[in-house]
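Please open the model in a viewer and keep the sequence panel at hand.

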Amino acid sequence: MRLSFAEAIGYLGVSESTARKWVRDRGLPVHRADERLFVNPVELWEWALEQRLPVSPELLERERRMQEAVAPISALLAAGGIHHDVPGRDSSEVLRAVVDRLSLPPHVERSFLATALAAREAMGSTGVGYGIAIPHVRNPILLQVQEPTVSLGLLREPVDFGAIDGGPVHALFTVISTTVPTHLRILAELSLLLHDEELRRLLQQRAAAPQLFERIRDLERSDRRNAASAASDAAGK
C-alpha cells in the first residue's frame, strides 16, 4: 500500500508547503513514480515517531480496515510469548535480552537481530508513551520468517528509551512481520489495544500472563462486536 503525497499531508495535518519543507529539511520519506510523489505508510508512521510529531490515528485505522487477514494480537502474542523480569540497564542491553527470549527459526542470527533493533532505535525511539515501546526492524521482511509474531517483554527495571513522552519504558512489544502490509496492520491493532487504560495499568504492574491475555482477548471480542454492529447498521441503511 502507498499513499499519495496529498493523503500523507492529511494524516500529518499540515500544509503542503510545510510538508515539502519537511521533505527537504527533515527527511520526510517520499518516493517518485510517474512524476508524482508517494509515501509508504510504514515509513510515514516511523518518521513521525522519530520526529516526535503527531500523526492522525486514521493512518493506522485505515490499515485495520484492509482485507488482508492477520491473526489477532492475542494469537500472535501466544506464539511470541510474554516474558517477565527482562534485565538491562539501557536500551541496547534490554533489546539483547529480549531477543534472547524470542521464539525464532534456527536460521535467524540473534546477534544480527539485536543489532538491527538497536540500529533502528538509534534512528529514533520506538517508545510510544505510557512506558511502552514497540521495537521492530525497519524492513519487516528482513528476517524472512514464515509467520508474524508479537512478543511482550516486561522489564525488571524501567529503562530510558527516549520515548515520545519522555518517560522510562517498562514494557516492550517486539514485532516480527513477514510483509509490509502485515507489519502496518499489526501496528494498527497494537495501537488500538494500547489505548485501553486497564491494559496499560496491567503492563505497568507487570501482571501475570493469564491476566494480560484475558484483558487483550476481552478487548478483541469487544472490537469484533462493535465491528459486527457497525456492519449490521450499514446493511440496514
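This is a predicted model: local features need pLDDT of at least 70, side-chain atom pairs count only at pLDDT 80 or more; totals for chains, interfaces and linings use all residues.

**The whole chain**

The protein chain has 10 helices and eight strands. Of its 237 residues, 47% count as buried. Switch to a surface view: the accessible surface of the protein chain comes to about 11,900 Å², and carbon and sulfur atoms contribute 50% of that area. Among contacts in the protein chain with a separation of 6 or more, 66% are between residues 24 or more positions apart.

Select residues 3-4, 31-33 and 36-39, which are strands β1, β2 and β3. These three strands form an open sheet with antiparallel pairing, in the order β1-β3-β2. Since β1 and β2 each have a single partner strand, they stand at the edges, so one side of each is left without a neighbour in the sheet.

Show the backbone to follow the pairing. Strands β1 and β3 are joined by two bridges, with Leu3 standing opposite Val39. Three bridges link β2 and β3 in the antiparallel sense. His31 has Phe38 as its bridge partner in β3, and Ala33 stands opposite Arg36. Now centre on the turn of the hairpin formed by β2 and β3: two residues lie between the strands, and Asp34 in this turn has a positive phi of about 55 degrees.

**The five-stranded sheet**

Next, select strands β4 to β8. In what order do the five strands of this open sheet lie? The order is β4-β7-β8-β6-β5, and the pairing is mixed. At the edges stand β4 (82-86) and β5 (127-129); each has a single partner strand, so one side of each is left without a neighbour in the sheet.

Strand β6 (residues 132-133) runs antiparallel to β5, and two bridges join them. Gly127 has Ala133 in β6 as its bridge partner.

**Helix α6 and its cover**

Move to residues 91-101, helix α6, and display the side chains. Ser91, Val94, Leu95, Ala97, Val98 and Val99 are buried in this helix. Which elements cover these buried residues of α6? The cover includes β4, α7 (110-123), β7 (149-159) and β8 (169-176). At the start of α6, select Asp90 and Ser92: a side-chain oxygen of Asp90 comes to within 3.2 Å of the backbone nitrogen of Ser92.

To close, centre on Leu44 and show its surroundings. Leaving aside residues up to four places away in sequence, Leu44 touches Leu3, Ala8, Tyr11, Leu12, Leu28, Val39 and Leu59.

Key:
Residues are numbered from 1 along each chain as its sequence is written. Side-chain values use heavy atoms; hydrogens and water are left out. Contact means heavy atoms within 4.5 Å. Two strands pair if DSSP finds at least two bridges between them. Helices (H or I, at least four residues) and strands (E, at least two) are DSSP runs, numbered from the N terminus. Buried means under 20% relative accessible area, exposed over 50%, partly exposed in between (1.4 Å probe, protein chains only). Accessible areas come from the Shrake-Rupley method with a 1.4 Å probe; for residues, only the protein chains shown count as cover. A polar contact is a pair of N or O atoms within 3.5 Å; within protein, one must be able to donate a hydrogen and the other to accept it, and residues adjacent in sequence count only if both atoms are side-chain atoms.
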